Number of protein chains: 2
Amino acid sequence: MKDYINLLKKHNLKITPQRLAILKYLDTHYTHPTVDEIYNTLKKTNPSLSKTTVYNSLEILNTHHIIQPLHITGHERRYDLRKDIHHHFLCRSCGNIQDLDINCPNIKKIQEQGYNIEEVHGYFKGICLDCQKREETHK
Amino acid sequence: MKDYINLLKKHNLKITPQRLAILKYLDTHYTHPTVDEIYNTLKKTNPSLSKTTVYNSLEILNTHHIIQPLHITGHERRYDLRKDIHHHFLCRSCGNIQDLDINCPNIKKIQEQGYNIEEVHGYFKGICLDCQKREETHK
DNA sequence: ATTCAATATTGTAATCATTACATTTTATCA
DNA sequence: TGATAAAATGTAATGATTACAATATTGAAT
């Protein structure tokens with residue numbers, strides 16, 4: 001992406017170093033990070049950063065549909081910069097969340113039933129490819 | 001369902017009035033209730049009920065795959081007795097969560113890629129049919 | 001460049017759902 | 001009916017998130 005400044009301008013959001021750093025972090029890390037992950041990483045290069053700012057920034061970016069929160073693990077919110085519809089895979093073993101590029105043919109059906117759909121969320125839980133390999137190796 | 005006693009027996013779980021009440025509640029209310037909803041309702045007819053018991057019971061029923069927790073709203077867990085794969089619709093207006101009987105053709109694809117899938121979760125967010133009608137009426 | 005008002009950041013305190021834990025009670029079985 | 005393992009209960013602790021007041025910064029007008 002890169003042009004975080006124009007992205008914020010386009011949404012009439014003020015340009016602040018904190019917001020730019022958070023956007024960049026989400027754009028360059030595909031881990032669907034938690035608030036703590038973002039906070040702890042950015043704190044190193046931006047020591048004055050407050051965790052509240054991370055919460056506030058993520059909230060306003062979400063309000064403007066620049067990012068989306070994920071409620072997958074059930075005990076902590078995670079964030080995703082991608083806004084096109086896609087799905088996720090949560091590995092029970094390593095805890096990582098991967099993107100899955102599949103499209104959902106059910107959306108149309110549901111819309112045809114009259115539902116007004118604004119968001120689509122889908123995820124699978126199981127053992128990812130890497131962890132399966134690792135388990136094979138350790139046998 | 002009805003035969004909650006045998007369901008618990010089948011899983012070698014002790015039969016307690018609390019567990020039976022919770023099972024019955026989930027079986028007869030399709031609201032995907034929160035812990036508080038369950039607790040507050042059952043408290044009326046079972047005044048000694050403790051919220052911890054509700055948590056514990058839901059936890060053990062989940063462990064035995066009799067129920068499943070839903071992480072849809074993002075700020076509170078909800079529970080669902082149905083164990084066959086289905087999806088949900090969260091209404092932004094009334095907050096209700098409805099069941100959607102659709103099947104996901106992507107499961108096979110993901111499995112063919114080698115993923116070991118243990119759970120499938122999908123939900124849509126938008127405005128439900130009832131709330132759309134209501135909004136029409138109030139115009 | 002300077003000023004100013006609106007907005008963002010910060011730190012602390014409060015909240016809410018959930019979990020930990022010790023004690024009492026109950027279910028099950030010999 | 002008693003013994004024992006497990007469950008229920010109540011309170012305290014935890015952890016993520018939110019509320020709020022004070023300070024700092026952004027962006028626009030001058």
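Visitor: How many salt bridges does the rule find across the interface of chain B and chain A?

Guide: This is a predicted model, and the rule asks for a side-chain nitrogen of Lys or Arg within 4 Å of a carboxyl oxygen of Asp or Glu. Across the interface of chain B and chain A, the number of salt bridges found is four.

Visitor: Which element gives the most residues to the side of chain B that touches chain A?

Guide: On that side of chain B, β4 (97-100), α5 (106-112), β5 (116-127) and α6 (129-137) each supply at least two residues. With 12 residues, the element of chain B that gives the most is β5(B).

Visitor: Which residue of β5(B) does A:Val120 stand opposite?

Guide: Strand β5 of chain A, residues 116-127, is joined to β5(B) by 11 bridges, and the two strands run antiparallel. Within β5(B), the residue that stands opposite A:Val120 is B:Phe124.

Visitor: What area is buried between chain B and chain A?

Guide: The contact draws 34 residues from chain B and 34 residues from chain A. Of the area that chain B buries against chain A, B:His71, B:Tyr115 and B:Phe124 supply 21%, more than any other three residues. Carbon and sulfur atoms give 55% of the area buried between the two chains, which is about 3000 Å².

Visitor: How many nonpolar residues has the side of chain B that touches chain A?

Guide: Polar contact across the interface involves 18 residue pairs. By class, the side of chain B that touches chain A has five charged and 13 polar residues, while its nonpolar residues number 16.

Key: Residues are numbered from 1 along each chain as its sequence is written. Chains are lettered from A and ligands numbered from 1 in the order in which they are written. This is a predicted model: local features need pLDDT of at least 70, side-chain atom pairs count only at pLDDT 80 or more; totals for chains, interfaces and linings use all residues. Side-chain values use heavy atoms; hydrogens and water are left out. Contact means heavy atoms within 4.5 Å. Buried area is the accessible area (1.4 Å probe) that two parts lose on being put together, summed over both. A polar contact is a pair of N or O atoms within 3.5 Å; within protein, one must be able to donate a hydrogen and the other to accept it, and residues adjacent in sequence count only if both atoms are side-chain atoms. Helices (H or I, at least four residues) and strands (E, at least two) are DSSP runs, numbered from the N terminus. Ala, Val, Leu, Ile, Met, Phe, Trp, Tyr, Cys and Pro count as nonpolar, Asp, Glu, Lys and Arg as charged, and the others, Gly among them, as polar. Two strands pair if DSSP finds at least two bridges between them.
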